[in-house]
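The sequence and structure are shown first.

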Amino acid sequence: PRFSKPEVADGDFQLWQIGVTRDTDQLAPLGSHSPVVGDLAAAIAAWNAHVAATDNPFGIITLLDNASYDEDLSAAEQEITLPAGARLAIVAAAWPDNGQILDGEPQRPRGRLAPDGRRPHILADLQLRGSAGADAQAGELLLDGLLIEGRVRVLSGNLGPLTAYHCSLGASAAGLGASIEVETNGGAGEVSNNASLSIRLDHCVSGPLSLPDSLATLAIADSIIAEDRLVEGHGLTMTTAIEARGADASIQRCTVYGRIDLRTLSASDSIFTGILTIIRRQDGCLRFSYVPPDSRTPRRYRCQPDFALIKQAE
């Protein structure tokens, strides 16, 4: 719904959308009602041109197939620009037409998505740059249904919410590597420090998360966070899986392979294989989870192995 219409009434509002596919039979030129281009770089360039001419832009880049997009997205012109008030979704889905033909092209209603049977593969890093000012609403990016072999790189600036649903991040044939990288510039009060950034992963598989102290909010649900070396000793890895010492974190129904370092933590129904070190232990709670011995956590409720040891002692 957040990509359907703005919260305030706006009669001139139009959702911007573009398709991407390697199927040349589906291509439609830029400027048409429902453009479809052949590579991700062209779609990013079209979005950047749109935000340069539009206030509070809302848009969707729709990857229409299961192709591997191995293009180079490292140049400055391939940065995904997210100014104040902007919302962009990059999603894996079909973009059905409405059965009408105009000027020889099928008409696809903007916002109509069919997200079944699509799993595109992006080999390159995705580079994001938020440019909101200190008093403005920071831009937002949503990723859905993507296999991203590279990193999601949040460049120096001011980005708002970064959300991933049903994605594999940092995944390659070699294993799970770095998935999200956040650049900072200056102290916590600096606008260019991505001070507005929050990260949410939902139904994702991700490599380790090493995030700056300026990140205040981290939420992970129904996901696996791991590193490529999963078996050490008795099958438990002691490498760091999540490091975000400034973050108030929520981890629900997850499996995390590796150490965790956070400011605060609320967690439930999860398995943690590495030692947890939580800085502020008077806040938060862990429930119905496996927590390794020697972890420093907030209060625990029916966690293992604590619960089994208590029962044994009774």
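Is tyrosine 301 buried, partly exposed or exposed, and what is its relative accessible area? In this predicted model, tyrosine 301 has a relative accessible area of 42% and therefore counts as partly exposed.

## Aromatic pairs

Two aromatic pairs are found when the whole structure is searched. In the pair formed by phenylalanine 288 and tyrosine 301, the ring centres are 5.4 Å apart and the planes stand at 80°, so the arrangement is edge-to-face; the cut-off for that class is over 60 degrees.

Tyrosine 301 belongs to strand 30, whereas phenylalanine 288 lies in the loop between strand 29 and strand 30, so the pair ties together parts that are 13 residues apart in sequence. Phenylalanine 288 is partly exposed, because its relative accessible area is 37%.

## Threonine 297

The loop between strand 29 (285–287) and strand 30 (300–301) also holds threonine 297. With a relative accessible area of 12%, threonine 297 is buried, since that class requires a value under 20%.

The side chain of threonine 297 forms a polar contact of 2.8 Å with the side chain of arginine 300. When neighbours within four places in sequence are set aside, threonine 297 is in contact with Leu276, Ile278, Arg281, Leu286 and Val291.

## Arginine over a tryptophan ring

Elsewhere in the model, a charged side chain is placed over an aromatic ring. Arginine 108 lies over the face of tryptophan 95, at a distance of 5.8 Å from the ring centre.

Terms used
Residues numbered from 1 in each chain as written. Predicted model: local features only at pLDDT ≥ 70, side-chain atom pairs only at ≥ 80, totals over all residues. Heavy atoms only, no water. Helix = DSSP H or I, 4+ residues; strand = E, 2+ residues; numbered from the N terminus. Buried < 20%, exposed > 50% of the residue type's maximum accessible area, 1.4 Å probe, protein only. Polar contact = N/O pair within 3.5 Å; in protein donor to acceptor, adjacent residues only side chain to side chain. Contact = heavy atoms within 4.5 Å. Phe/Tyr/Trp six-rings, centres within 6.5 Å; stacked < 30°, edge-to-face > 60°. Lys NZ or Arg CZ within 6 Å of the ring centre and 35° of its normal.
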